[in-house]
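Hi,

Here is the structure I promised to pass along. Have a look at it first, and then read on for what turned up.

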Amino acid sequence: MGELTDEQLRRYARQLVVPQIDMEGQLRLRDAHVLIVGAGGLGVPMAQYLAGAGVGRLRIVDDDRIALSNLPRQIAFSETDIGELKVEVLAQRIRAANDSVLVEPCPARFDPLTAEEFLCDIDLVLDATDSMQARLDIDRATYSRRIPWIMGAAVQIAGQWSAFDPERHHGCYHCLIADPGAMETGSCAELGIVGPVVGLVSLHQAILALRYLVGDDLPWGRLHMLDAWSGGLQLLEVLAREDCALCRHGSSQHQPD
Ligand SMILES: [Zn+2]
């Protein structure tokens with residue numbers, strides 16, 4: 001683990017004085033390799049903030065192209081980018097802001113066939129997909145490799161996020177969606193979304209990612225449910241299920257605190 005350069009010391013000066021980050025945390029961020037699945041309303045702000053904070057390597061997977069209806073939320077993009085690949089434009093913006101970050105834009109879909117390639121050498125996965133099926137695929141692929149991941153979802157004025165530990169000691173996404181109360185009811189494309197709501201969820205995921213990468217413990221297996229209109233936040237503990245199709249978490253192994 002080498003030292004920071006003079007330029008990096010100046011760049012991260014405001015963050016280095018924060019005790020939760022400090023020099024050691026900054027070096028850990030620099031050496032981290034994060035996968036972001038999705039370069040839309042969740043993926044754009046989180047990628048920009050993680051790059052801004054000095055996360056050294058960001059792999060971003062999305063096969064979508066920029067459309068006019070993306071611009072209210074995906075604030076790195078401009079009208080002249082319409083029709084371009086999201087990951088390519090986002091990578092350009094990130095490199096322009098911080099050329100010490102290694103960005104790997106992957107214009108593809110994350111699915112069970114591509115998971116092996118995209119999870120190679122990854123410390124943490126951030127879900128920015130707007131798709132339950134994609135989250136199920138991320139859950140399965142990361143569990144088999146014991147990689148932690150942070151889900152996020154937003155529709156209309158409501159947002160959700162949760163972190164899943166590498167071993168799924170606190171349950172997994174498959175455990176969560178077996179609970180009808182925690183089920184999603186539809187996507188942003190169907191039900192709509194207010195831009196800052198997805199931004200809020202994205203930045204909560206980014207904070208959890210920074211905490212994990214600097215070595216902090218996370219509130220694993222807790223679903224955060226935000227009503228962004230009222231500001232109300234509720235927490236739901238993910239019930240690790242003995243009959244879970246993925247982690248088969250024995251109830252005897254898990255004592256809720
Ligand atoms: Zn499970």
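Helix 10 (residues 195-214) lies across strand 1, strand 4, strand 5, strand 6 (158-164) and strand 7, and runs at about 170 degrees to strand 5. Keep in mind that this is a predicted model.

The strands themselves belong to an open sheet of eight, in the order 3-2-1-4-5-6-7-8, with mixed pairing. Strand 3 (102-106) and strand 8 (232-237) are the edges: each has a single partner strand, so one side of each has no neighbour in the sheet. From one strand to the next, the twist averages 15 degrees. At the strand 8 end, strand 7 (residues 222-227) and strand 8 run antiparallel and are joined by six bridges. Leu223, for instance, has Leu236 in strand 8 as its bridge partner.

Now the metal. Which residues hold the zinc ion? Cys172, Cys175, Cys244 and Cys247 do, each through SG, at 2.2 to 2.3 Å. The angles among the four donor atoms are 99 to 118 degrees, and the site is tetrahedral. For reference, the ideal angle for four tetrahedral donors is 109.5 degrees. Along the chain the donors are spaced C-x2-C-x68-C-x2-C. Cys175 sits in helix 8 (residues 173-177) and Cys244 in the segment after strand 8, so this pair ties together parts 69 residues apart in sequence. Are these two buried or exposed? Cys175 is buried, at 1% relative accessible area, and Cys244 is buried too, at 4%.

On to charges: the salt bridge count comes to 13.

- Arg57 and Asp121 have their closest N and O atoms 3.1 Å apart. This pair links distant parts of the chain, with Arg57 in strand 2 (residues 57-61) and Asp121 in the loop between helix 6 (115-119) and strand 4, 64 residues apart. Arg57 is partly exposed at 26% relative accessibility, as is Asp121 at 48%.
- Glu7 and Arg11 meet at 3.1 Å, N to O. They are four residues apart in helix 1 (residues 6-11), which means about one helical turn separates them. Glu7 is partly exposed at 34%, and Arg11 is partly exposed at 32%.
- Asp216 and Arg211 also form a salt bridge, at 3.1 Å from N to O. Asp216 is partly exposed at 39% relative accessibility, and so is Arg211 at 31%.

Cheers

Definitions and conventions
Residues are numbered from 1 along each chain as its sequence is written. This is a predicted model: local features need pLDDT of at least 70, side-chain atom pairs count only at pLDDT 80 or more; totals for chains, interfaces and linings use all residues. Side-chain values use heavy atoms; hydrogens and water are left out. Two strands pair if DSSP finds at least two bridges between them. Helices (H or I, at least four residues) and strands (E, at least two) are DSSP runs, numbered from the N terminus. Axes are lines fitted to C-alpha atoms, for helices over the stretch in contact, and angles run from 0 to 180 degrees between N-to-C directions. Contact means heavy atoms within 4.5 Å. Donors are N, O and S atoms within 2.8 Å of the metal (3.2 Å for Na, K and Ca); water is not among the atoms, so sites may look incomplete. Four donors count as tetrahedral if all angles lie between 85 and 135 degrees; four count as square planar and six as octahedral if opposite donors are over 155 degrees apart and all others between 65 and 115; anything else is irregular. Buried means under 20% relative accessible area, exposed over 50%, partly exposed in between (1.4 Å probe, protein chains only). A salt bridge is a side-chain nitrogen of Lys or Arg within 4 Å of a carboxyl oxygen of Asp or Glu.
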